[in-house]
Structures are given as structure tokens and as C-alpha cells.
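Hi,

Here is the structure I promised to pass on. Have a look at it first, and my notes follow below.

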Amino acid sequence: MTDNTDKDDMLPEYDFTTGVRGKHYQAYRLGHNVTIHQADGTTTVQHFTVEDGAVMLDPDVREYFPDGEAVNQALRTLISLFPKNRESSTPQ
């Protein structure tokens, strides 16, 4: 059997017409538990939180900034456009 679909394509049997974008966003930011079932029958629960200082990018922004390095470079370029001392750059 040959699979002609791209890995990123949604299959026709997936129906997200009643889905709500961002439904779990706030809860995810507060932290979430992941239950790991081991092969030996034991279970481990790990709690994950978003790292302090982490920024969530919207999908349209991620197209242009695929990783932290790209985001930091763009922000440093933007920062360089700001006056070093805002008070001295204000017209008097």
C-alpha cells in the first residue's frame, strides 16, 4: 500500500468543524500534567509549565521567525532604532 499524502496534509476523516481555536490556551499557560505509562506497568506523572519569559508566537508570526534566534535578532534590530535616552531625544 502506498501513501501519497504529505505528512502535513489533513486527512479527510479529520473533522475540526466544531473545534474552538485557543480553547485550552490559558490552562496550558498555567501548566499541564502528562501521564507516562511505562512498559513495565508503572505510571509517572510530570507537571510542565511554560518557562518563565517564554513568549508564544501566533502562527502567522512563526512563518517569519521559526526559532528563538530569529526572534531575538529581529528584536535587537528593532531595539537599535530606539533612542538610548528617551528624555534627551524629546524635542524641547
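What percentage of the 92 residues of the chain count as buried? The figure is 2%, where buried means under 20% relative accessible area, exposed means over 50% and partly exposed lies in between, with a 1.4 Å probe and protein chains only.

Before you dig in, some ground rules. This is a predicted model, so local features need pLDDT of at least 70 and side-chain atom pairs count only at pLDDT 80 or more, while totals for chains, interfaces and linings use all residues. Residues are numbered from 1 along each chain as its sequence is written, and side-chain values use heavy atoms, with hydrogens and water left out.

**Overall layout**

The chain has four helices and two strands, in the order α-β-β-α-α-α from the N terminus. These are DSSP runs numbered from the N terminus: helices are H or I with at least four residues, strands are E with at least two. Taking contacts (heavy atoms within 4.5 Å) between residues at least 6 apart in sequence, 11% join residues at least 24 apart.

**The hairpin**

Strands E1 (residues 32–37) and E2 (residues 43–48) pair in the antiparallel sense over six bridges; pairing takes at least two DSSP bridges between two strands. Five residues separate E1 and E2 in this hairpin, and Gly41 in the turn has a positive phi of about 95 degrees. Across the pair, Ile36 has Thr44 as its bridge partner, and His37 sits opposite Thr43.

Val34 belongs to E1 and counts as partly exposed because its relative accessibility is 31%. Leaving out residues up to four places away in sequence, Val34 touches Thr44, Val45, Gln46 and Phe48. Val34 and Thr44 lie ten residues apart in sequence, with 8.2 Å from C-alpha to C-alpha.

Glu51 is exposed, since its relative accessible area is 65%. From Glu51 to Gly31 the C-alpha distance is 9.8 Å, across 20 residues of sequence.

**Pockets**

On a 1 Å grid over the protein atoms alone, a pocket is an open set of points where a 1.4 Å probe fits, with protein on both sides within 12 Å along at least five of seven lines, and lining residues have an atom within 4 Å of a point. Volume is the space filled by probe spheres set on the points, which are joined across faces, edges and corners.

The largest pocket comes to about 240 Å³. Arg21, Gly22, His24, Tyr25, Met56, Leu57, Asp58, Pro59 and Arg62 line it, giving four nonpolar, two polar and three charged residues. For those classes, Ala, Val, Leu, Ile, Met, Phe, Trp, Tyr, Cys and Pro are nonpolar, Asp, Glu, Lys and Arg are charged, and the others, Gly among them, are polar.

The second largest pocket has about 150 Å³. Its lining includes Gly53, Val55, Phe65 and Asn72, and divides into five nonpolar, three polar and two charged residues. Helix H3 (residues 68–79) gives the most to that lining, with three residues.

Cheers
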